[in-house]
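The structure comes first, then the points by topic.

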Amino acid sequence: MLGSLCTLIAALTCVSGVTVVTQKPPVVALRTGETATMDCNLGTVTNYRAVWYKQVPGGVPQYVLRFYHGHSSADYGSGFSSPKFTSNHQSTSDYRLIINNVEEGDSAVYYCQTWDTSVNQIVFGQGTKLIGTSSTLPPPALTVYPPSSEELRSNKATLVCVVSLQSVGFADVTWMSDGSPVGCGVSTSTAVQQPDNTFQISSYLAMEASHWNKEKVYTCKVSLGSTTSEKMIKKSDCLAEK
């Protein structure tokens, strides 16, 4: 069942015709002992509960709790309980997960899920990454690679941003073109732990070769809580390096 749930989270975060579940913020980075809060808006759903799951890199989702605005308390999954994990609501479609006294073991992606009764469909949010650490996190290290000559000959261009992280396997990776956010053509891997216990994330920005040839400045931006790193690249810089 948990394996099926992993597939559902990947496939049902964006399904046409159903409500959109929105989670904020995308990343929460805290020192151990602090309190984490993350919000979930169920969109058009007002008559169903918010269900929260925890997933660590490479692991299966764990059911944390479910809460409905008409009830006085939450129902908990195995291994999760109050007052460590609590939930409340701000409206019939706005819910909040609260994690008290954050520990490093709480670091994970937390997914909010609901049921859209109008189409009988499970819907997941995009997840909130929680990072709990006992030390100050160093900024992510970035390397951006240009398209290969072989790929350009096929009228395609893919930029690759390799992100190296110390201690934690979570970060929010975004792309910009001439300072404007880019959504189309972006795919980002989950973190992979390296032999030296660091983590590596690879993010790809695919486009037509003609866009790369326009001399636009492309930026890979990585956010780790309040820490941000970015790396810019454009075609003429790559030619100059050669």
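The model is predicted. In it, Trp212 is in contact with Pro146, Pro147, Leu152, Ala157, Leu159, Met207, Tyr218, Ile233, Lys234, Lys235 and Cys238, leaving aside neighbours within four places in sequence.

**Nonpolar cores**
- A second, separate core has 26 residues, including Val21, Phe80, Tyr95 and Tyr110.
- The largest nonpolar core has 32 residues, of which Leu159, Val163, Trp212 and Cys220 touch the most other members.

**Ser177**
- Ser177 lies in strand 14.
- Ser177 counts as buried because its relative accessibility is 14%, under the 20% cut-off.
- Not counting residues up to four places away in sequence, Ser177 touches Val182, Lys216, Val217 and Tyr218.

**Salt bridges**
- The count comes to 4 salt bridges.
- Asp39 and Arg96 meet in a salt bridge at 2.6 Å, N to O.
- This pair links distant parts of the chain, with Asp39 in strand 3 and Arg96 in strand 8, 57 residues apart.
- Asp39 is partly exposed at 28% relative accessibility, and Arg96 is partly exposed with a relative accessible area of 28%.
- Arg66 forms a salt bridge with Asp75, the closest N and O atoms being 3.4 Å apart.
- Between Glu103 and Lys84, a salt bridge has its closest N and O atoms 3.4 Å apart.
- Glu103 is partly exposed at 45%, whereas Lys84 is buried at 18% relative accessibility.
- A network of salt bridges links Lys84, Glu103 and Asp106.

Technical notes
Residues numbered from 1 in each chain as written. Predicted model: local features only at pLDDT ≥ 70, side-chain atom pairs only at ≥ 80, totals over all residues. Heavy atoms only, no water. Core = buried A, V, L, I, M, F, W, Y, C linked by side-chain atoms within 4.5 Å. Buried < 20%, exposed > 50% of the residue type's maximum accessible area, 1.4 Å probe, protein only. Contact = heavy atoms within 4.5 Å. Helix = DSSP H or I, 4+ residues; strand = E, 2+ residues; numbered from the N terminus. Salt bridge = Lys/Arg side-chain N within 4 Å of Asp/Glu carboxyl O.
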